[in-house]
Amino acid sequence: MSITALLLTLVFIGLTILLSLWQRLGLERDLLIGTVRAALQLTLVGYVLLVVFELREWPFIVLMVMVMILVAAQNAARRGSRIPGVFWRVLAAITVTEVMAMLVMLGLDIIPPTPQYVIPISGMVVGNAMVVAGLLLNRLQSEMEASRQQIMVALSLGATARQAVLPVLRKTVRAGTIPIIDNLKTVGLVQLPGMMTGLIIAGVSPEVAVRWQLLIMFSLTAVSAICAIVLAFLTYPALFTAAHQLRTDALSRSG
Amino acid sequence: MTNSNLLPVPEQEPLFLLDDLWKSRFDGKNRVNVLEGVSASVEAGRIVTVVGPSGSGKSTLMLLLNRLEEPDSGRITYLGRDLREWNVLDLRRQVGMVFQQPVMLSGSVRENVLYGPRLVGEERDSDPEALLGRVGLDPSLADRDARELSGGQQQRVALARVLANYPAVLLLDEPTSALDENASRMIEELVVGLQREKGLTCIWVTHDLSQALRLDGETWVFDSGRLVESGSTMEVLSQPRHPAAREYLKSRLERGEAR
């Protein structure tokens, strides 16, 4: 795609701004900031990738993946800002998820250990884990509040914090994993997923593009489940004291 | 010095000893005291009714007694030992709690009743049908979904569920406030029966003064986080000494007459 063609894509942004002005949506400012940030960030990443691909050095790959995980963890942790130490818990959950995904993919030789493969696929894994983590934190807090009385009753009958919270954790993990499972059922019928689209545009045959897409979809399903389970089990102890008491200050509603 | 000819009289140790309990909570932005220096004792086998305006700290006190919450300062001893020295899970089984809202756990009535015993692997020794019978429920309800029962039935399931743990103490936080007259009386008779037969100690929060009179034990009056009056129920309700207690009782009686 030529630079002229690239610049012409700004027509879409211009159109959105016009729509926003016309309907008084007040989105212009955010749109401009978003557009500039997207362009700068992606261009920058493009150059970084260029360098990392050239160097083919493991430390750079690892460093880049670590930056991805850090940014993702920080972003997802905002959803649970009342939970003590939430950033570290999310960081650990996303890291475990990425390490497991890479162990399987590289260990079974599904993808070659080169930056062209490891970095984009890690990006998808980490990005997906981030979305799942944010969703899970949101859901965990609302489910804890909805089930607060049940938890108190269970504790009062002599349940440990873990026993009392288990039904809530199950519900939350399910909620965090269902979207991607639904996605598995409709993919290809409703939309052609991004990776496949990209490969086809870049000239890869649809047959090969489909194989890659399946790899991604299957691995992201496991990623969602792993991230949700690890994060749920890392987070619930923060909601209780050592004496199996519900910590009301860690939930959004007080009293 | 004690006279060596006399056997030492074993002093009856109180079951619960509450020593200068303070507790505050965040109420939106401000920290407000819910309990201000509450001291009291409960003898084994008694029924204590706890009365006082809403928000005077009664429910909070209940949560402290089975350590679902912690006081900011002060000390509670149970059977002569600080609550914090007890295994909290054992303590909660011994000091059972019935909440105001009968909250059913998911599953059947039987699963609800067996919840406590299952936690410690004692479900074989439990007889859920017999427990249901004891709280006046038809044992054939055991396999029904607990959430489908009426409020009165659910509160009785909640009671059976606590009793399945063989508690020595029952904390009851307005267990009958959502129930009709018949269902309330049934629960009262049941608990009084257990107290008489099994020596169960009961601490019962209520808004209903006639209920306190029927339970006829000891009564504590709370006002703004303070225990302002305590004594035998008859005495406290007929001749309150503290002005706040007098005012509360008067307002309750007026409301009762208007009904």
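**Chain B: a loop and a strand**

Gly28(B) sits in the loop that joins β1 (16-27) to β2 (30-42) of chain B; helices (H or I, at least four residues) and strands (E, at least two) are DSSP runs, numbered from the N terminus. Before going on, the conventions: this is a predicted model, where local features need pLDDT of at least 70, side-chain atom pairs count only at pLDDT 80 or more, and totals for chains, interfaces and linings use all residues. Residues are numbered from 1 along each chain as its sequence is written, chains are lettered from A and ligands numbered from 1 in the order in which they are written, and side-chain values use heavy atoms, with hydrogens and water left out.

Is Gly28(B) buried or exposed? Gly28(B) counts as exposed because its relative accessibility is 61%. The cut-offs are under 20% relative accessible area for buried, over 50% for exposed, and partly exposed in between, with a 1.4 Å probe and protein chains only. From the C-alpha of Gly28(B) to that of Lys198(B), 170 residues apart along the chain, the separation is 44 Å.

Now Thr201(B), which belongs to strand β8 (residues 201-205) of chain B. Thr201(B) has a relative accessible area of 1%, so this residue is buried. Leaving aside residues up to four places away in sequence, Thr201(B) touches several others, including Leu15(B), Val42(B), Arg46(B) and Leu170(B); contact here means heavy atoms within 4.5 Å.

**Salt bridges**

A salt bridge is a side-chain nitrogen of Lys or Arg within 4 Å of a carboxyl oxygen of Asp or Glu. Over all chains, the search finds 18.

In chain B, Glu181(B) and Arg185(B) form one, with the closest N and O atoms 3.3 Å apart. Why about one helical turn between them? Because Glu181(B) and Arg185(B) are 4 residues apart in helix α7 (residues 181-198) of chain B. Arg185(B) is partly exposed, at 33% relative accessible area.

In chain A, Arg139(A), Glu143(A) and Lys171(A) are linked in a network. The side chains of Arg139(A) and Glu143(A) meet at 3.5 Å, N to O. These two are 4 residues apart in helix α6 (residues 115-146) of chain A, so about one helical turn separates them. Glu143(A) is buried, at 11%, while Arg139(A) is partly exposed, at 37%. Glu143(A) also bridges to Lys171(A), where the closest N and O atoms are 3.7 Å apart. That pair links distant parts of the chain, with Glu143(A) in helix α6 and Lys171(A) in helix α8 (residues 161-186), 28 residues apart. Lys171(A) is partly exposed, at 46%.

**Chain A and its interface**

Chain A has 10 helices and 0 strands. Its C-alpha atoms fill a box of roughly 70 × 55 × 35 Å along the principal axes. Of its 255 residues, 37% are buried. Among contacts between residues at least 6 apart in sequence, 71% join residues at least 24 apart.

How many residues of chain A are in contact with chain B? The count is 17 residues of chain A, against 25 residues of chain B. Ser156(A), Leu157(A) and Gln245(A) supply 33% of the area that chain A buries against chain B, more than any other three residues. The two chains bury about 1800 Å² between them, 62% of it on carbon and sulfur atoms; buried area is the accessible area (1.4 Å probe) that two parts lose on being put together, summed over both. Across this interface the rule finds 0 salt bridges.
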